[in-house]
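Please read the following report alongside the sequence and the three-dimensional view.

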Amino acid sequence: MISYYLEDVNLMGIFLWSISLFLELSIMSALAIVASLIISSAVTSVMSCFSFYILSRMISFFTTLERPLVDRGGNIFEDFMGIFVKFVSILLPRFDLYAKSSWVIYSGETIGYVWLWQSAIYIVLLLSMAIVDFRRKQF
């Protein structure tokens with residue numbers, strides 16, 4: 001009976017989904033460590049981590065939103081906001097590419113591995129920032 005339910009399970013998709021979720025949580029944990037060391041207020045530290053997560057999850061929406069469907073002319077504010085959103089999207093990890101539920105459900109979808117490189121870069125960067133800041137602290 002159980003073998004009937006496990007027959008169509010995409011084990012590779014579940015494995016990659018689990019790894020990407022773990023890496024996403026690792027980035028957020030490293031950010032929480034850095035924020036708690038750098039920012040003196042606990043509330044500000046938590047809110048900055050929360051803002052980082054929400055912005056990283058929604059950055060593809062913002063980059064899609066900044067591209068106009070129709071060229072409306074040379075509005076300076078719209079041009080500046082487009083450049084600003086592109087700049088922010090370069091700096092933030094793309095959490096919308098992590099832990100997609102379609103990896104578990106559909107076995108035929110191609111899975112991009114950009115999240116692996118982003119995770120490696122961000123985890124090393126954030127943990128090195130935490131180490132440097134921890135060594136400079138005078139308790």
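Contact, as the word is used throughout, means heavy atoms within 4.5 Å. The model is a predicted one, in which local features need pLDDT of at least 70 and side-chain atom pairs count only at pLDDT 80 or more, while totals for chains, interfaces and linings use all residues. Residues are numbered from 1 along each chain as its sequence is written, and side-chain values use heavy atoms, with hydrogens and water left out.

**Overall fold**

The secondary structure comes to six helices and zero strands, where helices (H or I, at least four residues) and strands (E, at least two) are DSSP runs, numbered from the N terminus. Read from the N terminus on, the elements run α-α-α-α-α-α. Of the 139 residues of the protein, 29% count as buried; buried means under 20% relative accessible area, exposed means over 50%, and partly exposed lies in between (1.4 Å probe, protein chains only). Among contacts with a separation of 6 or more, 76% are accounted for by residues 24 or more positions apart.

**Helix packing**

Two packed helices are described by the angle between their axes and the distance between the axes. Here axes are lines fitted to C-alpha atoms, for helices over the stretch in contact, and angles run from 0 to 180 degrees between N-to-C directions.

Helix 2 (residues 11-38) packs with helix 6 (residues 114-136) at an angle of about 25°, their axes being 9 Å apart. That makes helix 2 roughly parallel to helix 6, since angles under 35 degrees count as roughly parallel, over 145 as roughly antiparallel, 65 to 115 as roughly perpendicular and the rest as oblique. Helix 2 passes helix 6 in a left-handed crossing; a crossing is left-handed if the near helix is turned anticlockwise from the far one by less than a right angle, and right-handed if clockwise. The residues of helix 2 that meet helix 6 include Leu16, Ser20, Leu23, Ile27 and Leu37, and their partners in helix 6 include Trp115, Gln118, Tyr122, Leu126 and Phe134. The residues of this contact of helix 2 with helix 6 divide into 19 nonpolar, four polar and one charged, with Ala, Val, Leu, Ile, Met, Phe, Trp, Tyr, Cys and Pro counted as nonpolar, Asp, Glu, Lys and Arg as charged, and the others, Gly among them, as polar.

Helix 2 also packs with helix 3, the axes coming within 9 Å and crossing at roughly 145°, and this crossing is right-handed. Glu24, Ile27 and Met28 are among the residues of helix 2 that meet helix 3, where the residues in contact include Cys49, Phe52 and Arg57. The residues of the contact of helix 2 with helix 3 divide into eight nonpolar, three polar and two charged.

**Aromatic rings**

Rings of Phe, Tyr and Trp (its six-membered ring) pair if their centres lie within 6.5 Å, and planes under 30 degrees apart count as stacked, over 60 as edge-to-face and the rest as tilted. By this rule the count comes to five aromatic pairs. Two of the pairs are set out below.

| Pair | Centres apart | Planes at | Class |
|---|---|---|---|
| Phenylalanine 52 and phenylalanine 95 | 6.4 Å | 85° | edge-to-face |
| Phenylalanine 80 and phenylalanine 84 | 6.3 Å | 20° | stacked |

Phenylalanine 52 in helix 3 (residues 42-66) and phenylalanine 95 in the loop between helix 4 (76-91) and helix 5 (101-105) are 43 residues apart, and their pair links distant parts of the chain. Phenylalanine 52 is buried at 17% relative accessibility, and phenylalanine 95 is buried at 0%. Ring pairs also link Phe52, Tyr53, Phe95 and Tyr98 into a cluster.

Phenylalanine 80 and phenylalanine 84 both lie in helix 4, four residues apart, about one turn of the helix. Phenylalanine 80 is exposed at 51% relative accessibility, whereas phenylalanine 84 is partly exposed at 42%.

**Single residues**

Serine 20, in helix 2, is buried at 0% relative accessibility. Not counting residues up to four places away in sequence, serine 20 touches Tyr98, Ala99, Trp103 and Trp115. Alanine 99 is found in the loop between helix 4 and helix 5 and is buried at 15% relative accessibility. Most residues other than glycine have a negative phi. Alanine 99 has a positive phi of about 45° although it is not a glycine.

Glutamine 118, in helix 6, is buried at 14% relative accessibility and touches Ile27, Pro93, Arg94 and Tyr98, again not counting residues up to four places away in sequence.
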